Structure formats: C-alpha cells, structure tokens
Amino acid sequence: MKLLTESKNMYIKKIGFLSFLFTLFISCSSDSDEVIIVPQPVTPEEKIILKEVVVVDENTLKLEWTTTGKNTYQSFQFSRKTSENGTEGSLNQETGNTFVKIDNNIPYTPYLDYQITGYTTNGQSVKSNIVTYKRPGIKLLNIRPTDALFDSDNGNMFIFGDNGNIMKYDVTSGSVVKEISTGATLGYSFLGTFGGQKELYVPRNDGWVYIYNTSDLSLKDQINFGSSVTSVVLANDKLYGTTGDISNVSLKCFDRATKQLVSTNGNYQYGRIKKVANTNSSFFYITTNVGPPNLIRFNYNADGTFVNRFEDKYHGDHPLNDKIFEALPGGNGFLTAIEGAIYDSNLVFTGNLPRGNSGLTSFDFDTSNIIAGTDKKSIELYNLNSYAKVNSINTERYPFKVFSYGNKIVSLSSTNAFAINNYYLDPPVNVIVEILNK
C-alpha cells in the first residue's frame, strides 16, 4: 500500500513539472520579438477599360472609358475598323484628363470596332479592350460598281463591278441571288430582248461581247467585235458596239441572230451610245477618251445599214459626261453631266435642270418625271415636259444609280460621298440598295 502511494505522488509531481515547463515556454515566447506577417495591398493592373458605345444618333457614337493603376496619361489615341479584318483608321486624339470621346462622323457600315491606346507620362503605352458596334439593318454589297441596269418587269438589278464581276440583286427579297466573274474589264452593258427572251449584253476589253441569260447569268452566246468594246446597244435585233478600232470603223453593227458583221462606221475611237427613242436605229454618241468630250449623232436604217452622222457645234462649250448620260424617253434629246445639261435631238444645248447647288449623278424616267440622284443625299423629280422641279426625296446615303420601279424608286447608293465627273475613275467603295416611295 505504501508503495502505491509513493508512485502516485511521483506521477503528480511529474505532471506538475511539465505544466511548469509549458507555462515557462509560453511566458518566454511572449517576452521575445514576434514575427508578424502583414498582408500587402495588391498593386492594381494598369488597364484602360472601354465601355459599350452609346448611340447618340445615326451618325454619332459616344465612347467612355475608365483607367486603373497608378499611371498618369498624357493622351489617348483611338482606332476604328469597319470590319473584323479591316484596316484600322485613327480618330483625333484626346488629352489624358479626358474620358469621353464623341465620334460624330461614323461610317455607314454594319460593323465598327473601337480601341483606345493610352500614352503615359513615363513613356508607356496601354491598350484598352476592343468594343464592337453592329448595325444589322445595313446590308453592304461586296462590289465596287462602275454601272448598273434595272429590269423593272421583275425587280432585278444587274450591277457591274470594277473587278469584272456581275451581280444580280433581287429588290423584292433584298438579296444577291447570283454573282459571276467575267475575268475582263467591262464596258457599258445593255439589257435587251431577243427572240422573246431577255438578254444581258456585256462588252469586254478583249474585243468580245458576252451575252448572258438574265435568269441565271449563264453564258448564252458571244460575238467578237475585233477590239476593245466600250458600249453596246441592241436595236431591231442588231447589236451596235463602240470599239477601239480606227475612227472611221470604230462603230460596228452585227446581226444578233447570225453574228455576222452588217456595217462599220465611226468618227472617234471609244464612246458611249444611247438609242434615240422612237427611231429605228439612231444613236447619241459621247466620246470616252477625248477631252473635252465630243458629241455625235449616228443614224441607221432598221437593217443596220448606215445613213448619216453629224456632230454638235460646241466642242466643249457645254457639259458632256459619258458616265451620267440618258436619252429622254420621248426621243426629243438627252440629259448628261452633274449639271443636268439638256440637249435636243439635233444636239443643240437648251439649258440645265434647276438643280440648285446639287450635282446630279444619275437619271431615269417614269411616265411624267425625270428622276435624278444627287450628291446631297436626295433624289429630285423634274417634270418631263417643262423640266420644273416637282418633288425632292431624302435618301439615307448618296445615290449612284437611280431607277423607277412602279410607285417606288430604287437607288444603288454609295455609303460615302463621291465625286463623279469626266476625270473620275474610282467607283464607290461601299454601296447599299435603298427603296423609296415616290
């Protein structure tokens, strides 16, 4: 019993001693220097955060952005692209204490990308995120047009590109239904009817005129004119074409059915012809490679044999432009040039349409009116007999070619302002189709 009592006492003493050591360790630790780990603040990443664009109106967007980090910015530069893979354009830069940018001249395009580059006072550059703005209501046509024709019977437009492509556009569906590549430089084409079928006559720089079905743009036939063909017209089943042959044989007539040469005549190389309405086969002819342009009238019999020709007496005194050139539907003359110059059937200049400060870009006709596109985003209507202005219709963009279509007007419009004159070579870059009420 005594032995058990002594063992118990020794155990209690041992426990007490260990408790003392633990207490001493804690006491010593609290008296020593502590190592305290204090969390350090995270340095914010240097960023420019471009917010979603704010639409002010159809021509104006507002850009807003914020910055993070410690940098002070000296200036902000803005880039803008009109397609995902397009070339960047630059807007005017803003100072580093500005965080709002107004883009008040946005391109008329369905897609815009914006990005900001900030330049800091210590020489760094920081790029923002990219913000995209889409306008699905705009349908750009992927073609640079040199000319266009319109079939008002079924609402089809045929657009001729500077790359030799031909595009068929259906106004009813608002879509491109066919596009082909011709592999040639194209002249002024003609939409005609032969054997009860509509055909598209397309002159080429290799001396051929290709004849296409209007339904599917399949190649139907072809006629060799011998040298580069500038312009063609079908009249009484005879195909007339202006060529680069020497002057006295530059205007050629072929039988559409047999494809045989009927006659040759001419006065100048290269030109554009328009048939004089209510005649068998008479044509107004404006030269395309002479400055100032010359004006001639050629008269033929219905069988394609030559009758006579005569020139105007002005030789540059009044406006002439082969790019803006339409014969009046009554056979009493034609209209030409941005001035809306009026010539009678004897090539006598009689005046200009009352256009104000607008330049006229295209002409078409209905039963009562001259329909004229302008460079001021409008279409003007003039009385066919008096030439008085009777109406003005605003357009979204700049009419390049206008066409009458029942109670509507169809405009192939450039999204950007363009200059068109005797020396104008580059066609519009981006075009859309507008349909307006008369």
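Strand 30 is mostly covered in this predicted model. Of its 6 residues, 6 are buried. Its partner is strand 31, and the two pair in the antiparallel sense over 5 bridges. They form a hairpin, with 3 residues between the strands.

The core has 31 residues. Leu-141, Met-157, Ile-159, Leu-353, Ile-370 and Leu-412 touch the most other members. In soluble globular proteins, nonpolar side chains tend to be buried together.

Leaving aside residues up to four places away in sequence, Leu-353 touches Leu-360, Phe-363 and Ile-370, among others. Its contacts also include Leu-335, Glu-339, Gly-340 and Ile-342. Tyr-382 and Tyr-387 are on the list as well.

Tyr-387 has a backbone feature of its own. Its phi is positive, about 70°, although the residue is not a glycine. Tyr-387 is found in the loop between strand 32 (378-383) and strand 33. Is Tyr-387 buried or exposed? At 18% relative accessibility it falls under the 20% cut-off, so Tyr-387 counts as buried.

Lys-259 also has a positive phi, near 65°, in a residue other than glycine. Lys-259 lies in the loop between strand 20 (251-255) and strand 21 (261-265). It counts as partly exposed because its relative accessibility is 34%. Most residues other than glycine have a negative phi, and most peptide bonds are trans.

The peptide bond from Gly-291 to Pro-292 is cis, with omega near -10°. Pro-292 is found in the loop between strand 23 and strand 24. Val-290 is placed in the loop between strand 23 (281-287) and strand 24 (295-300). Val-290 counts as partly exposed, at 29% relative accessibility. Gly-271 is 19 residues from Val-290 in sequence, and their C-alpha atoms are 9.1 Å apart.

Strand 33 (residues 389-394) contains Asn-391. At 32% relative accessibility, Asn-391 counts as partly exposed. Its C-alpha is separated by 5.1 Å from that of Leu-381, 10 residues apart along the chain. Asn-391 touches Leu-381, along with Ile-379, Glu-380 and Lys-438, not counting residues up to four places away in sequence.

Now the aromatic residues. The structure holds 20 aromatic pairs. Tyr-343 and Phe-349 form one that is edge-to-face, at 5.6 Å centre to centre and 65° between the planes. Tyr-343 counts as buried because its relative accessibility is 1%. Both residues belong to one aromatic cluster, together with Phe-284, Tyr-314, Phe-325 and Phe-334.

Charges sit over rings in two places described here. The charged end of Arg-204 sits over the ring of Tyr-210, 3.9 Å from its centre. The charged end of Arg-272 sits over the ring of Tyr-188, 3.7 Å from its centre.

Finally, the confidence. The chain averages a pLDDT of 90, and 89% of the residues score at least 70. Over residues 1-32 the pLDDT is below 50. Beyond near neighbours in sequence, this stretch has 0 contacts in the model.

Note on methods:
Residues numbered from 1 in each chain as written. Predicted model: local features only at pLDDT ≥ 70, side-chain atom pairs only at ≥ 80, totals over all residues. Heavy atoms only, no water. pLDDT = per-residue confidence, 0-100. Contact = heavy atoms within 4.5 Å. Core = buried A, V, L, I, M, F, W, Y, C linked by side-chain atoms within 4.5 Å. Buried < 20%, exposed > 50% of the residue type's maximum accessible area, 1.4 Å probe, protein only. Helix = DSSP H or I, 4+ residues; strand = E, 2+ residues; numbered from the N terminus. Pairing = 2+ DSSP bridges. Phe/Tyr/Trp six-rings, centres within 6.5 Å; stacked < 30°, edge-to-face > 60°. Lys NZ or Arg CZ within 6 Å of the ring centre and 35° of its normal.
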